[in-house]
Amino acid sequence: MLDPITVVILAVLAFIIMYMTVSAMKSRQEPLKRKVIVTQLKCGNCDYSERREFREGDYVGKGIGECPKCGGKLLVDAIYLEEVEGVPELGSAISISKQGQPPRKR
Amino acid sequence: MDGSNDWASTILVLLILGSFLLNFTDIPQKMQLWRYSSYIRKKIIQLTEIEDESKRKVIKYLSRLNVENPRKVLEGFIDNFFMISPVDIEPTDIIRRMRHLIRIRDDSIRKYVEENLPNATLVQRQNAEVLLEISSVLTLINKIVKHYFQLGLKYNNWILMMQLALELQQVVRLAKAYDDAMDSFMKGTPIGDGAGPLVAYYLKGDAEPVEISRETVYYLTEIEGRKVYVIKAKGPGSTVGWPGEAVEKIINDLGSSVSRIITVDAALKLESEKTGEVAYGVGAAIGDPGPEKIAIERAATKYGIPLDAVVIKMSNEEAINTMTKQIFEGVRKAIEIVKRIIKEKVPKDGIAVVVGIGNTVGIT
């Protein structure tokens, strides 16, 4: 027959092990995400649009150059922060996607 | 005496002793004071790190703009430029007095930045003003936390310590958000609070800006066949402009021919609400201390013009950091709501005034 102190110690140990296991499982389930600032470009003339990573100096309404499709004025249409799944990488860049396609997921 | 009786008497003695210590001494309070103070100390270290980090960021930004002594510029700003609220036990004229004080403060900050950054562009100076303000706020937060911590220790006030410890998690979260926001202003990306100006940007179409108040412009455009005056702060630098004064001027010019004033702004969401949710109602959607809001309300009331409000919901942290995709989607929804209000509530030959309220950093 086990004495009461041993039973209490074993119960506390079992609780700690269970708690740690559940916490570890929970953190493993959370998908890895990284945040990217996206600049969305849009032609003022036609339906051409593309997305690329934000570059310093970009602002909404800024003229970026000529539209590759019609030669019209290409403007920064939107800048926003987006979460993409994947491991954060140093100096990583999202792929340029055209016609409003979402960025490639890693 | 057998073993079980021995255990029972030991536990009984421990219970009586424990009960005496808990009920008739200050030991539990002392222990709580010790526990909370050690927790607060750790959080103060964290806050100090955030404060130092913010200072490093400001110095880095100012150095990039070739400021000779950026540390001196920063030190000259922190703790200064406070504003004493106007007397409120005599409310006559309080708005006029408050507006006067706010503008004096704005002018002093602007002058200080102009003097110290003579070669910077307007956008760089506007962003530098905000960076200095954020760094100053972080210093103030840290000072206030230290003040209550030292007060609690001095008077052994464990209730004050407990309150402070319980609040600190939120305070640190806010401080981190302010620190992160500095990156947005350094890069010049639109922030969550820019939702209102972004709605105005999309609504203006190809119209040209006309400056109406300081750092505030309006665009005359046509939406759903109605003449619309779109007002926003002049970007892409960090400013909120003077939208109240701008509305006042336009309404005084156009009088009762204006059928509707629609204000669009970012609003703080409740915890249960989702970021980017859009809601509409009545009133002036603007979160200033008073003068700008009252100017819109007075102008609308003077001519009996209905006042609509459209809000895009977000958290405090999201409002001051780079605009998220959910907020951007909220902006799209808000544009549709504004267009619907114009279509349904403004007659074909009527005039509407749409005001995009908020910080226009990163939005021209």
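**Domains of chain B**

Into which domains is chain B divided? Chain B consists of domain 1 (27–187) and domain 2 (192–356), with bounds that come from an automatic or database domain assignment. This is a predicted model, in which local features need pLDDT of at least 70 and side-chain atom pairs count only at pLDDT 80 or more, while totals for chains, interfaces and linings use all residues. Residues are numbered from 1 along each chain as its sequence is written, and chains are lettered from A and ligands numbered from 1 in the order in which they are written.

**Where the domains meet**

The C-alpha centres of domain 1 and domain 2 of chain B are 29 Å apart, and 16 residues of domain 1 of chain B are in contact with 13 residues of domain 2 of chain B (contact requires C-beta atoms, placed from the backbone, to lie within 7 Å). On the domain 1 side, helix H4 (94–116), helix H5 (122–154) and helix H6 (158–187) of chain B each supply at least two residues, helices being DSSP runs of H or I with at least four residues, numbered from the N terminus. H6(B) gives the most to this side, with seven residues.

**Packing of H5(B) and H6(B)**

The axes of H5(B) and H6(B) come within 10 Å and cross at roughly 165 degrees, the axes being lines fitted to C-alpha atoms over the stretch in contact, with angles from 0 to 180 degrees between N-to-C directions. That crossing makes H5(B) roughly antiparallel to H6(B), a term for angles over 145 degrees.

How values were computed: Two residues are in contact if their C-beta atoms, placed from the backbone, lie within 7 Å. Angles under 35 degrees count as roughly parallel, over 145 as roughly antiparallel, 65 to 115 as roughly perpendicular and the rest as oblique.
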